[in-house]
Amino acid sequence: MATHKPATLIWCMGVTQHTVGTANVRALSILQLALGNIGVEGGGANIFRGHCNVQGATDLGLDVTSLPAYYGLSERAWRHWSRVWDVDYEWVRNRFGKPDMAMEDRQALMEAKGIPTTRWFDAVVADPADVDQPDRLRGMVVFGHGGNTVPRMPEMRAGLEALDLLVVADPHPTTFAVVSERKDGTYLLPIGTQFECSGSRTASNRSLQWGNQIVEPLFESKNDYEAMYLLSKRLGIAEQMFKHIQVDGDAPLAEDILREINRGTWSIGYTGQSPERLKQHMEQQGDFDMVSLRGKPGTTVEGEFYGLPWPCWGTPELKHPGTHVLYNTHEHVMKGGGTFRARFGVERDGETLLAEGSWSVGSEIEDGYPEFTYGILKTLGWDGDLTADELASIQAVGGADPDSVSWAIDLSGGIQRVAMAHGCVPYGNAKARAVAWNLPDPVPVHREPIFSPRPELVAEFPTTEDKRDFRVMNIGHTLQAKAVADKTVESFPLILTSGRLVEYEGGGEETRSNRWLAELQQEMFVEVNPADAARLGVRDGGMVWVFGPSEGKARVKALVTNRVGEGVAFMPFHFAGFWSGESQRAKYPEGADPIVLGDSANACTTYGYDPVTAMHEGKATLCRIEAA
Amino acid sequence: MARMKFLCDAERCIECNACVTACKNENEVPWGINRRRVVTLNDGEMGKERSISMACMHCTDAPCASVCPVECFYTTADAVVLHSKDLCIGCGYCFYACPFGAPQYPQLGNFGGRGKMDKCTFCAGGPEADNTPEEYASYGANRLAEGKLPLCAEMCSTKALLAGDGEIIAAIYKERVVTRGYGSGAWGWSTAYPDSQGV
Amino acid sequence: MTMLRRCLALGLFALVLALGQPVLAQAQDQGRPSDAELQLMQQLQGPVTGRVSIPDQRAATLIQPAGKEWRDFWRGTSPWIGGIAIGGMLALLVLFFLIRGRVPMEGGRSDETITRFNGLDRFTHWMTAISFLVLAVTGLNIAFGRDLLLPLIGPEAFAAFSDAGKVAHNFLSFPFTLGILLMLVLWVRDNIPSRLDLEWIAAGGGLIGHRHAHARRFNAGQKAIFWSVVLMGAAIAATGYILMFPFTVVAHVGGMQTTQMAHSILSMILVAIILAHIYIGTIGMEGAFEAMGSGKVDLNWAEAHHDLWAEEVRAREQRETGAAPGAAVPAE
């Protein structure tokens with residue numbers, strides 16, 4: 001890698017689904033920085049997404065630690081979004097907590113990180129006193145998420161059974177619908193796929209595309225928008241939630257949803273991609289170069305990058321071309337150039353955090369600079385470039401302190417426009433950060449998994465301390481110590497990892513119901529190395545039991561192959577519909593059962609959560625395999 | 001007239017099975033009939049694993065046509081090898097002769113009841129009139145008649161699978177070989193007909 | 001094997017060659033196969049088999065070069081074998097008939113007949129015979145129909161005939177097989193080879209020259225037919241069933257090819273043998289057809305061809321008719 005440049009680094013969940021997931025991602029990013037592969041064409045740190053619009057979902061607040069566009073959960077963030085939504089901050093705050101709660105407690109709850117999808121069942125079965133919210137989790141509405149994609153399914157099953165209410169909103173009944181012994185209080189809402197609704201979708205490269213509805217929602221299903229609108233109506237918040245979104249009958253207008261996104265997501269430059277611009281790109285695909293993604297000269301999209309990858313700064317009218325390569329100082333910011341973001345202040349330990357001797361092409365400030373605020377514009381004497389409307393907007397946002405209004409909360413986009421007119425990037429020009437002082441490990445370090453195949457290394461490389469976070473306890477450290485003390489590795493000598501198949505997606509109900517795809521992978525399997533198979537008396541194609549070190553087990557077919565190394569077993573996680581070798585087919589509503597069913601890999605996977613993101617440890621545990 | 005050929009560049013095939021899925025969907029190929037398939041050689045062997053998408057290769061001197069007892073095969077003006085299901089008696093001989101395992105037979109349930117043979121048509125339909133419902137029901141799509149190439153190759157994300165005029169795809173392949181500096185990776189006739197210098 | 005390997009190495013660019021002839025030289029100069037590629041190629045001796053995720057493991061065979069050899073057999077060797085066996089036999093029989101004419105019954109017909117084959121015998125024979133005739137015609141149609149019949153009646157009629165023929169071929173295999181089994185049970189006792197057979201053969205079976213050798217119920221020629229029918233018929237039936245249920249008994253295409261080859265060769269040879277059998281049982285010899293027709297043969301015919309058997313039968317008949325009263329009245 002040191003000699004082959006530029007080079008890009010691509011990863012998926014093999015890097016992230018660990019107790020050290022954040023550290024892994026940071027280590028790879030630092031490696032790319034050190035190699036000079038960041039900010040150049042052909043370089044980059046790329047995370048490949050597994051589904052349509054995963055990137056978009058992440059950008060729009062799927063993460064329980066942030067409001068849309070990574071604003072966080074602070075009061076400032078809530079006030080920004082309240083302004084965007086045009087609702088009272090106080091009204092939003094009063095949606096939180098119980099009727100008798102004090103305002104401070106409501107605000108604390110509002111600004112507390114949520115319970116992640118990896119941990120929800122822990123918040124269901126826990127004593128309410130052990131959950132950092134007024135009550136334990138009692139009801140769950142699941143939109144487009146498979147219950148078999150997250151580890152610890154035996155515990156998840158117990159969680160399902162303890163819920164008062166379960167709503168599964170998906171094109172097909174997912175694992176959640178059938179895996180438990182729930183008898184009541186379960187609702188299956190048939191929801192259309194992405195082909196049954198229009199809207200913007202964001203890809204791994206931050207490009208957006210406009211997807212047109214291909215078919216009407218099949219049978220009695222509805223699309224996400226309509227289901228959410230109807231739900232909000234019942235909850236009595238429809239008027240506020242859809243204040244600036246046109247609703248035809250019960251169907252919100254997809255274009256208006258994107259326009260609202262455009263009005264609020266200044267922090268990541270999701271603002272310039274209006275529905276009109278995206279549709280123009282879709283219609284004029286032929287006007288873009290296949291390699292550079294740039295609009296060809298002489299066309300109406302000249303210079304624009306296909307799909308306007310964010311950041312696409314400013315308003316749509318500003319016609320920012322989108323940013324194909326992040327942090328690319330070799331381009332003018334109005335042509336997709338950029339710098340490293342000044343996100344962590346200007347100075348630390350007496351040293352400047354701003355860039356030194358580096359700026360993007362055309363910058364009038366030929367040095368580092370902090371992020372732009374109205375106050376900074378005034379200091380630079382550029383505030384006169386703001387239009388009257390922009391200034392009025394800034395003053396409305398800032399109230400008593402307009403100087404503090406930043407590029408990220410200025411609803412007019414004026415600060416961004418003026419900064420870029422002077423060749424400057426709105427978020428500032430700083431150094432990239434390899435030491436993240438606000439994270440548990442400022443510099444990424446090795447830590448053994450909770451169920452380590454090398455227990456002798458745990459003393460030196462233990463997982464992070466137990467901590468109450470994301471509203472629940474993380475007892476990874478305790479469990480790791482217990483596994484060492486119990487000598488778990490002796491009875492579970494193989495490393496178990498999990499992953500995807502190309503034929504299936506996520507929980508797999510949709511794809512396992514598709515006869516073209518289902519035919520290609522008809523049985524759940526575990527990959528076993530030939531040496532291990534010989535030792536265990538397992539033959540290729542024979543059935544085996546896979547036992548996880550907690551309570552789970554799965555009865556699957558053995559695939560004896562060198563795809564896995566000796567001592568490692570792999571299972572794909574898309575299968576469900578069998579539980580511990582028993583078919584659950586009878587539990588599906590008639591005609592809704594997928595063609596292919598199988599035991600779930602995550603029945604065997606175990607505890608372990610990244611301290612920063614609460615991502616589960618689906619890629620590293622132990623197991624024992626026995627011929628069935 | 002063009003001489004239509006397939007070519008699979010094993011250096012590029014990533015075993016995604018999109019060609020198989022595209023074929024099945026475009027031609028409504030029933031469960032259990034695999035007009036196209038992806039075979040992985042040296043599965044899991046580091047550095048040696050190669051995947052190849054395989055279907056009827058539309059041989060010039062097609063063995064299936066040669067051995068057919070009822071002469072149900074014919075070659076189109078585009079050099080695509082097709083067959084008539086009206087004439088086929090489901091004897092299975094073409095499967096014995098075909099080097100590529102292309103012919104497929106539906107099981108009709110009772111003993112000996114193999115149905116009419118089915119295979120890749122290069123998305124060129126069959127003997128019925130072009131793009132009629134009758135043609136589609138028996139043979140699937142006729143993209144060639146619409147001026148389109150087979151969907152499997154059109155869908156191939158890495159362009160490992162090439163379909164089209166033999167001379168054009170050979171030129172594309174040659175360019176690749178020259179660019180990457182080493183050869184083969186294209187699977188097909190050289191192995192099937194080791195003692196011939198071509199097809 | 002080295003030859004094959006060399007061919008493969010040379011064949012690396014055969015595709016390129018096949019598609020656009022002039023590019024080969026250049027491609028060979030510039031594009032050497034990678035080491036991994038060469039290793040891969042070195043394994044390509046025989047079928048190239050990998051892994052597929054679908055259950056049909058036949059699909060895992062990427063390339064089976066043996067298909068070419070089978071094709072050569074089916075389009076080259078097989079018609080020759082069949083042509084020589086069946087055509088040769090026909091020619092021989094015509095020639096024999098021209099020279100020898102119909103073999104007359106020695107001494108003319110007597111007024112007496114004796115029973116040679118009972119009802120079960122004849123049922124068995126004709127069930128097998130009729131099945132065999134249909135099997136032979138439909139089978140030969142598969143082998144030669146395309147060249148001989150198709151040009152005469154056109155593709156539609158020929159396909160319809162062949163399709164019906166395939167169904168008939170499959171279904172009539174059952175009475176044929178049953179017939180073979182019954183024949184074995186009914187007639188094996190009289191078909192054990194003996195020393196008499198050598199003498200019979202030495203005497204030319206009475207067909208060559210005019211001297212009759214002694215014979216019991218079946219002479220050596222008939223025994224030969226019996227064992228041909230039973231053994232070859234069984235083999236043909238067995239291979240036929242393997243072909244009828246493809247890839248159930250035999251897992252690989254190579255096994256199917258071998259089975260098909262055995263089935264076709266044995267069948268064509270048996271057809272030739274049966275032609276001779278039919279000849280001698282009908283126009284070739286006076287009095288022979290009656291054996292399977294009415295089941296009764298003229299005594300003169302029996303004494304000429306199966307003297308020992310005729311004596312046995314007569315002795316048995318006398319015992320059964322004449323000895324019975326004697327048994328009732330003890331001799332004093």
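The crossing of helices α6(C) and α8(C) is left-handed, a crossing being left-handed if the near helix is turned anticlockwise from the far one by less than a right angle, and right-handed if clockwise. The model is predicted; local features need pLDDT of at least 70, side-chain atom pairs count only at pLDDT 80 or more, and totals for chains, interfaces and linings use all residues. Residues are numbered from 1 along each chain as its sequence is written, while chains are lettered from A and ligands numbered from 1 in the order in which they are written.

Helix α6 spans residues 119-148 of chain C and helix α8 residues 155-187; they pack at an angle of about 145°, with their axes 7 Å apart. Axes are lines fitted to C-alpha atoms, for helices over the stretch in contact, and angles run from 0 to 180 degrees between N-to-C directions. Helices (H or I, at least four residues) and strands (E, at least two) are DSSP runs, numbered from the N terminus.

In chain C, the axes of helix α10 (residues 220-244) and helix α11 (residues 253-281) come within 9 Å and cross at roughly 150°. The pair α10(C) and α11(C) is therefore roughly antiparallel (angles over 145 degrees; under 35 is roughly parallel, 65 to 115 roughly perpendicular and the rest oblique). The crossing of α10(C) and α11(C) is left-handed. Among the residues making the contact are C:I225, C:M232 and C:I236 of α10(C) and C:H263, C:L266 and C:L270 of α11(C), where contact requires C-beta atoms, placed from the backbone, within 7 Å. By class, this contact has ten nonpolar, nine polar and no charged residues. Ala, Val, Leu, Ile, Met, Phe, Trp, Tyr, Cys and Pro count as nonpolar, Asp, Glu, Lys and Arg as charged, and the others, Gly among them, as polar.

Chain B has seven helices and seven strands, in the order β-α-β-β-α-β-β-α-α-α-β-α-β-α along the sequence. Of its 199 residues, 57% count as buried (20 or more other C-beta atoms within 10 Å of the residue's own; exposed if 12 or fewer, partly exposed in between; C-beta atoms placed from the backbone). Among contacts in chain B with a separation of 6 or more, 56% join residues 24 or more positions apart.

B:Q104 lies in the loop between α3 (93-97) and α4 (133-139) of chain B and counts as buried because it has 22 C-beta neighbours inside 10 Å. Beyond its neighbours within four places in sequence, B:Q104 contacts B:I33, B:N34, B:R35, B:M117, B:D118 and B:K119.

Definitions and conventions: Contact = placed C-beta atoms within 7 Å.
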